[in-house]
Amino acid sequence: LHERLNSNDTIIGFKTQIRSINQKFTEVSIQSRPFRHNRADAIILSVHDLSAINNATNENTMLWTAINQNASQVIITNKTGVIEYANAKVVEITGYQINELLGKTPAMLKSGHTPNENYRELWNTILKGEIWQGIFENKRCDGSLYTEKATITPVKDHNGNITHFIALKEDITQLKKAEEAIRLKDQMYRELSRNLPDTAVFLYNTDLIYELAEGPLLARIGFLRES
C-alpha cells in the first residue's frame with residue numbers, strides 16, 4: 001500500500017480486507033487520491049464496504065446455478081417471445097443446442113398436434129400479466145414427438161410493464177403413455193365383459209375398492225353397476 005501511494009498514479013484503486021474491532025474481516029474497495037492540505041501533500045482514502053455486493057453476487061450465482069441444473073426445463077424469452085435463456089434440461093429434452101435456441105422462439109418446437117386455439121389462449125393470458133398453464137405436443141430436433149406440461153409466468157419491471165416471460169416445463173411423455181395404457185386396458189375389460197354372455201368382470205384396487213363392474217351377469221344376480 002505504501003509503495004502504491006508513493007507512486008506517480010493520480011488515483012489508485014484496489015480491493016483488500018480490513019479487520020474490525022470484533023476481529024471480523026470485511027472485504028472493501030479502496031480508492032486513494034492525492035490533494036493539498038495546508039500547503040502540504042496529503043492523500044484522501046475512500047473506503048467502500050463490498051459485503052452487500054458480494055452477497056448479491058453469491059445469491060445470483062446460486063440462483064443461476066439452481067436454474068441451469070433444474071430438473072425442469074427453464075426458458076426465458078423477451079416480451080415478443082424470443083428466447084434469451086434456456087437451461088441444460090432444455091438441451092437434453094429437445095436435442096437442440098443452446099446456440100440453436102437463442103434468438104429463436106419456442107414455435108420452433110411445434111409439432112402441429114397442439115391446437116392453435118391453445119396458443120391464442122396462452123398469449124391472451126400472459127399478455128394480461130397472468131400465469132398460464134397447459135400441455136404441448138412438441139417435436140424434438142430429431143423429429144420425435146414428446147409431451148410437456150408448461151407453466152408460463154410474465155416478468156414485470158418496477159412500472160408494472162411486462163419485460164420477459166419465464167416458462168417452466170416438465171416432460172410428461174412417459175406419464176401420458178402410462179395413462180393411455182391404463183385407458184386401453186380398462187376399455188379392453190369393458191368390451192370383454194359386455195360381449196361375453198353370463199359374465200361379470202370386477203376390478204378392484206389393493207384397498208379392495210371396486211373400480212370396474214361390467215357384464216350381463218350383474219343384472220341377473222341383482223346388482224346395479226352404480227352400487
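Visitor: Which strands does helix 5 lie across, and at what angle does it run to strand 6?

Guide: The model is predicted. Helix 5 covers residues 116–126. It lies across strand 6, strand 7 and strand 8 (162–171), and its angle to strand 6 is about 140°.

Visitor: What is the strand order of the open sheet of five strands?

Guide: The pairing in this open sheet is antiparallel. Strand 5 (83–86) and strand 6 stand at the edges with a single partner strand each, so one side of each has no neighbour in the sheet. From one strand to the next the twist averages 25°. The order is 5-4-8-7-6.

Visitor: Over how many bridges do strand 6 and strand 7 pair, and which residue is the bridge partner of glutamine 133?

Guide: Strand 6 and strand 7 pair in the antiparallel sense, over eight bridges. The partner of glutamine 133 lies in strand 7 and is threonine 151.

Visitor: Which residues of the largest nonpolar core touch the most other members?

Guide: This core has 19 residues.

Visitor: With which residues is tryptophan 132 in contact, leaving aside its neighbours within four places in sequence?

Guide: Strand 6 spans 132–139, and helix 5 spans residues 116–126. The contacts of tryptophan 132 are Asn118, Glu121, Leu122, Thr125, Ile126, Ala150, Thr151 and Ile152.

Visitor: Is glutamate 121 buried, partly exposed or exposed?

Guide: Glutamate 121 lies in helix 5. From glycine 134 it is 13 residues away in sequence and 9.8 Å away in space, C-alpha to C-alpha. Buried means under 20% relative accessible area and exposed means over 50%. The relative accessibility of glutamate 121 is 41%, so this residue counts as partly exposed.

Visitor: Where does arginine 140 lie, and which backbone oxygen does its side chain reach?

Guide: Arginine 140 lies in the loop between strand 6 (132–139) and strand 7 (145–156). Leaving aside neighbours within four places in sequence, its contacts are Ile93, Thr94, Tyr96, Leu145, Tyr146, Asp171 and Thr173. At 3.2 Å, the side chain of arginine 140 reaches the backbone oxygen of leucine 145.

Visitor: In the hairpin of strand 2 and strand 3, which turn residue has a positive phi?

Guide: Strand 2 (residues 25–37) and strand 3 (residues 40–49) pair in the antiparallel sense over ten bridges. Serine 32 stands opposite leucine 45, and histidine 37 has alanine 40 as its bridge partner. Two residues separate the strands, and the one in the turn with a positive phi, about 55°, is asparagine 38.

Visitor: Over how many bridges do strand 9 and strand 10 pair?

Guide: Strand 9 covers residues 201–204 and strand 10 covers residues 210–214. Tyrosine 204 stands opposite tyrosine 210 in strand 10. The pairing is antiparallel, and the number of bridges is four.

Visitor: What is the phi of leucine 208, and is this residue buried or exposed?

Guide: Leucine 208 is in the loop between strand 9 and strand 10, a hairpin with five residues between the strands. Most residues other than glycine have a negative phi. Phi of leucine 208 is positive, near 65°. With 59% relative accessibility, leucine 208 counts as exposed.

Visitor: What percentage of the residues of the protein chain count as buried?

Guide: The protein chain has seven helices and ten strands. Its accessible surface is about 16,000 Å², and carbon and sulfur atoms hold 53% of that. Of the 227 residues, the share that counts as buried is 26%.

Terms used:
Residues are numbered from 1 along each chain as its sequence is written. This is a predicted model: local features need pLDDT of at least 70, side-chain atom pairs count only at pLDDT 80 or more; totals for chains, interfaces and linings use all residues. Side-chain values use heavy atoms; hydrogens and water are left out. A polar contact is a pair of N or O atoms within 3.5 Å; within protein, one must be able to donate a hydrogen and the other to accept it, and residues adjacent in sequence count only if both atoms are side-chain atoms. Contact means heavy atoms within 4.5 Å. Buried means under 20% relative accessible area, exposed over 50%, partly exposed in between (1.4 Å probe, protein chains only). Accessible areas come from the Shrake-Rupley method with a 1.4 Å probe; for residues, only the protein chains shown count as cover. Two strands pair if DSSP finds at least two bridges between them. Axes are lines fitted to C-alpha atoms, for helices over the stretch in contact, and angles run from 0 to 180 degrees between N-to-C directions. A nonpolar core is a set of buried Ala, Val, Leu, Ile, Met, Phe, Trp, Tyr and Cys residues joined through side-chain atoms within 4.5 Å.
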